[in-house]
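Student: I would like to go through a structure with you, one question at a time. Please keep each answer tied to the coordinates.

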Amino acid sequence: MDTYSRPKVAIVGATGAVGTTMLSILEERGFPLSELRLMASSRSAGRTIGTKWGDVVVEDLETADPAGVDIALFSAGGARSLEYAPHFASAQATVIDNSSAFRGDATVPLVVAQVNDDAIRSNEGIVANPNCTTMVLMMAAGPLHEAAGLRTMFATSYQSVSGSGQKGIAQLSSEIDFFNKDRDGLVSGGWEDPVGDLYTRPIAFNVLPLAGSITDAGYTDEEWKLVSESRKILGRDKIAVEPTCVRVPVMVGHGIATSMWFDRPVDLDEAVAVLGSAPGVQLWDDTTVPTPLDSVGIDDILVGRLRETIGFPGGIALFAIGDNLRKGAALNAVQLAELLLA
Ligand code: A2P
């Protein structure tokens, strides 16, 4: 694994919802970079962005020369990752890729900082940042798996619109404005469709029981990510995962309600002890139920509603919520970059 003491860092997709959060997290954490480069599409090229390290002019990814970049944080969509990440890696950069492009690749480690840090050592130039929903879930499931061996996991997500990028945030805002002019329609029926091509149905004042696109067996790509990424991160192919991914009218914060069963019964006292001392996790009790709004802008994953399963005894049920732009994406990417520091 390459290590760096004062690396030259590039953010690819620097103008997006995750890219801008990557920049603010690098600033907040005082990341010891020696040079910062920001890249996006030709639409943003030439724009100047003020940073802790001075003004930086956004470069067009298509024409940017990756020579000299040590660490590249990619969040510009899977197509850009597939096309440009190998190019950056062959120019000696270590790419931390937030897209799903390389997550299933056996030669690319999939790493949740504070859960499976050691996996990053086997990288060959590209490290994959997990899906934002899987990431939040793994922060709670990982420590329990370490203690008792995860076997079966039912997981239903409540995913915010910022998981769809800036477009998701804009869509929810405009639909809220639209529907606020017709409250009677929402209460009594007869509402008009706000129309938008991002989601299949209205998202404001609504819940979409389908996040992502249907792929195999009637499950969405988001749901399959929960299956395959959980197994890869926890290093156990046989974990049975039963996922349902739902989009909710929340700006930021992905929540997951899960029930988990292990190689042996786990009781509430043990789960409290394990999660109470897990790094990056805050355990909240039932008087301070963690909600998406509580998770916005903070680094920790919040875990609440912790209880023993009743239908199939011996397991643990909980609700985990995290800022999908921070730990779910940008923070984890920066934490992985920190693991690469000498
Ligand atoms: P731009 O702002 O110039 O379009 P989000 O997921 O929030 O929509 O952000 C996507 C990020 O990926 C943005 O920074 C966006 O840049 C960037 N991006 C999108 N398409 C391209 C492309 N073809 N080449 C480079 N960057 C791109």
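Predicted model: local features only at pLDDT ≥ 70, side-chain atom pairs only at ≥ 80, totals over all residues.

Student: Which residues come nearest to the ligand, and what is the class make-up of the shell?

Tutor: Of the 15 residues around the ligand, the nearest are Thr 15, Ala 17, Ser 41, Arg 43 and Ser 44. For the classes, Ala, Val, Leu, Ile, Met, Phe, Trp, Tyr, Cys and Pro count as nonpolar, Asp, Glu, Lys and Arg as charged, and the others, Gly among them, as polar. The shell then has 5 nonpolar, 8 polar and 2 charged residues.

Student: How far from an oxygen atom of the ligand is the polar side-chain atom of Ser 41, and how much of the ligand does the protein cover?

Tutor: Polar contacts are pairs of N or O atoms within 3.5 Å; within protein, one must be able to donate a hydrogen and the other to accept it, and residues adjacent in sequence count only if both atoms are side-chain atoms. Thr 15 places a polar side-chain atom 2.6 Å from a ligand oxygen, and Gly 16 has a backbone N or O atom 3.1 Å from a ligand oxygen. For Ser 41, the distance from a polar side-chain atom to an oxygen atom of the ligand is 2.6 Å. On its own the ligand has 570 Å² of accessible area (Shrake-Rupley method, 1.4 Å probe; for residues, only the protein chains shown count as cover), and the protein covers 73% of it.

Student: How far apart are the end C-alpha atoms of helix 1?

Tutor: Helices (H or I, at least four residues) and strands (E, at least two) are DSSP runs, numbered from the N terminus. The expected span of a helix is 1.5 Å times one less than its number of residues, so the 12 residues of helix 1 (17–28) should span 16 Å. The end C-alpha atoms agree with this, at a separation of 17 Å.

Student: Which elements cover the buried residues of helix 1?

Tutor: Buried means under 20% relative accessible area, exposed over 50% and partly exposed in between (1.4 Å probe, protein chains only). The buried residues of helix 1 include Val 18, Met 22, Ile 25 and Leu 26. Their cover, judged by contact (heavy atoms within 4.5 Å), includes strand 1, strand 2, strand 3, strand 6, helix 4 and helix 9.

Student: Is Gln 171 buried or exposed?

Tutor: Gln 171 lies in helix 4, and residues it touches include Val 195, Leu 198 and Tyr 199. Its relative accessible area is 13%, so Gln 171 is buried.

Student: Which backbone nitrogen lies 3.0 Å from a polar side-chain atom of Ser 99?

Tutor: Ser 99 is in the loop between strand 7 and strand 8 and is buried, at 8% relative accessible area. Its contacts beyond four places in sequence are Gly 77, Gly 78, Ser 81 and Asn 129. The backbone nitrogen in question belongs to Ala 101.

Student: What is the phi of Phe 205, and what is that of Arg 305?

Tutor: Most residues other than glycine have a negative phi. Phe 205 sits in the loop between helix 5 and helix 6, while Arg 305 lies in strand 13. Both have a positive phi: about 55° for Phe 205, and near 50° for Arg 305.

Technical notes. Residues numbered from 1 in each chain as written. Heavy atoms only, no water. Near = heavy atom within 4 Å.
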